[in-house]
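Look through the structure below before reading the points.

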Amino acid sequence: MSVRRVARIAGAALASALLLTASAGAQTAGAPAKPGAARAAKGAASRGAPAVADPVATYGPRFASLCAACHGANGRGNMPGTPVLAGQHGFYAITQLFLFREGRRSNEAMTAVAKTMTDDDMRGFAAVIDTLPAVPAPPQPTAPDPARMAKGRELAVQHKCAFCHGDDLSGGQQVPRIGGQSEEYMRENLRGFKSGKRPGYTQAMGSAVSQVPVEDLDTLAWYAARVPVAAGAAASAPTAKR
Ligand code: HEC
Ligand code: HEC
């Protein structure tokens with residue numbers, strides 16, 4: 001077995017361990033602080049739950065000071081090429097932070113940020129992202145071209161984008177919300193999945209886009225960015241799929 005393969009397996013195991021503890025954290029996040037909570041959290045930590053008792057309370061202010069400059073305080077910033085985090089799923093977010101930290105996804109700005117993160121940091125930031133409600137894109141002066149919207153919808157069904165990302169493209173768990181995501185960001189990243197620049201955590205996206213012409217990917221990015229977003233929908237809404 002090659003070293004790369006071993007490293008990949010070890011990486012996958014670590015990420016899934018992080019995901020499991022992240023989900024344990026998500027269930028307790030937002031629970032009112034009670035006397036004895038620290039003791040309970042300590043007991044939970046020894047069973048593999050997060051070491052940080054209330055990750056959202058701890059990491060909310062850090063998100064505001066370290067991440068909001070680029071991603072926006074509510075998770076919808078306006079810096080070009082920067083993804084919307086509002087309404088994104090904690091499971092998906094922690095996987096991507098992990099990939100950036102391990103150098104398996106690369107971007108000058110984000111790699112620098114993720115490199116310094118501990119596992120607790122990744123869990124904490126992912127827990128904060130999971131609480132950010134979806135925020136619709138700012139209204140445009142003209143409604144999107146209905147024919148191009150219909151074409152985008154057709155492509156999304158044809159290429160099974162809607163099958164994995166959900167009919168309303170809101171995603172769920174490790175499948176990201178792409179409805180309302182920045183068009184420019186998606187265009188670059190869809191091209192990146194196709195060229196191999198962004199390998200992905202699994203093969204899912206690489207194979208999904210391998211047969212799709214670049215101009216259709218661009219139409220899909222245009223369409224997904226304009227799909228109506230239910231304002232305030234919780235990141236991990238029960239309607240989210242797969
Ligand atoms: C200097 C600007 C900048 C800062 C600061 C920054 N980010 Fe990012 N972030 C980016 C960019 C740009 C990308 C997209 C990179 C790419 O295209 O691969 C990104 C991507 C991400 C993603 C992946 C989103 C997705 O949809 O795949 C997550 C999660 C994320 N950032 C979280 C954070 C967190 C948490 C912080 C604070 C600790 C942070 N970022 C700080 C610029 C920034
Ligand atoms: C088999 C399930 C599956 C199918 C089919 C699929 N996706 Fe994905 N998609 C995923 C997963 C899982 C990810 C997370 C990528 C990763 O890190 O592995 C993702 C990531 C993405 C991203 C990156 C989002 C971000 O925030 O960075 C975009 C954009 C995207 N998909 C669009 C599409 C489009 C457009 C199609 C149809 C051509 C499609 N997907 C088909 C599962 C799927």
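L169 is buried, because 24 other C-beta atoms lie within 10 Å of its own. A residue counts as buried if 20 or more other C-beta atoms lie within 10 Å of its own, as exposed if 12 or fewer do, and as partly exposed in between, with C-beta atoms placed from the backbone. This is a predicted model, in which local features need pLDDT of at least 70 and side-chain atom pairs count only at pLDDT 80 or more, while totals for chains, interfaces and linings use all residues. Residues are numbered from 1 along each chain as its sequence is written, and chains are lettered from A and ligands numbered from 1 in the order in which they are written.

**Two residues with positive phi**

- Most residues other than glycine have a negative phi.
- L169 is not a glycine, yet its phi is positive, at about 60 degrees; L169 sits in the loop between α8 and α9.
- K160 also is not a glycine and has a positive phi, of about 65 degrees.
- K160 lies in the loop between α7 (146–158) and α8, and K160 counts as exposed because it has 11 C-beta neighbours inside 10 Å.

**The chain as a whole**

- The chain has 11 helices and zero strands; helices (H or I, at least four residues) and strands (E, at least two) are DSSP runs, numbered from the N terminus.
- Of the 242 residues in the chain, 38% are buried.
- Among contacts between residues at least 6 apart in sequence, 77% join residues at least 24 apart; two residues are in contact if their C-beta atoms, placed from the backbone, lie within 7 Å.

- Helix α6 (residues 119–131) has 13 residues and spans 19 Å from its first C-alpha to its last, close to the expected 18 Å; the expected span is 1.5 Å times one less than the number of residues.
- The buried residues of α6 include R123, F125, A126 and D130.
- The largest nonpolar core has 43 residues, and L97, F125, A126, L220 and A224 have the most contacts inside it. A nonpolar core is a set of buried Ala, Val, Leu, Ile, Met, Phe, Trp, Tyr and Cys residues joined through C-beta atoms within 7 Å.
- Helices that each supply at least two residues of this core include α4, α6 and α11 (214–226), and α4 gives the most, with eight residues.
- This core draws at least three residues from each of domain 1 (3–29 + 54–131) and domain 2 (146–226); the domain bounds come from an automatic or database domain assignment.
- Leaving out residues up to four places away in sequence, F125 touches Y59, F63 and L97.

**Around ligand 1**

- Of the 19 residues around ligand 1, the nearest are C67, C70, N107, A109 and F125; a residue is near a molecule if its C-beta atom, placed from the backbone, lies within 6 Å of it.
- The elements giving two or more residues to this shell are α3 (55–71), α4 (90–101) and α5 (108–115), and α3 gives the most, with five residues.
- This shell around ligand 1 has 12 nonpolar residues, seven polar and no charged. Ala, Val, Leu, Ile, Met, Phe, Trp, Tyr, Cys and Pro count as nonpolar, Asp, Glu, Lys and Arg as charged, and the others, Gly among them, as polar.

**Around ligand 2**

- Ligand 2 is surrounded by 24 residues, and the closest are C161, C164, G200, Y201 and A208.
- α8 (161–165), α9 (183–195) and α10 (204–209) are the elements that give two or more residues to the shell around ligand 2.
- The shell around ligand 2 divides into 16 nonpolar residues, seven polar and one charged.
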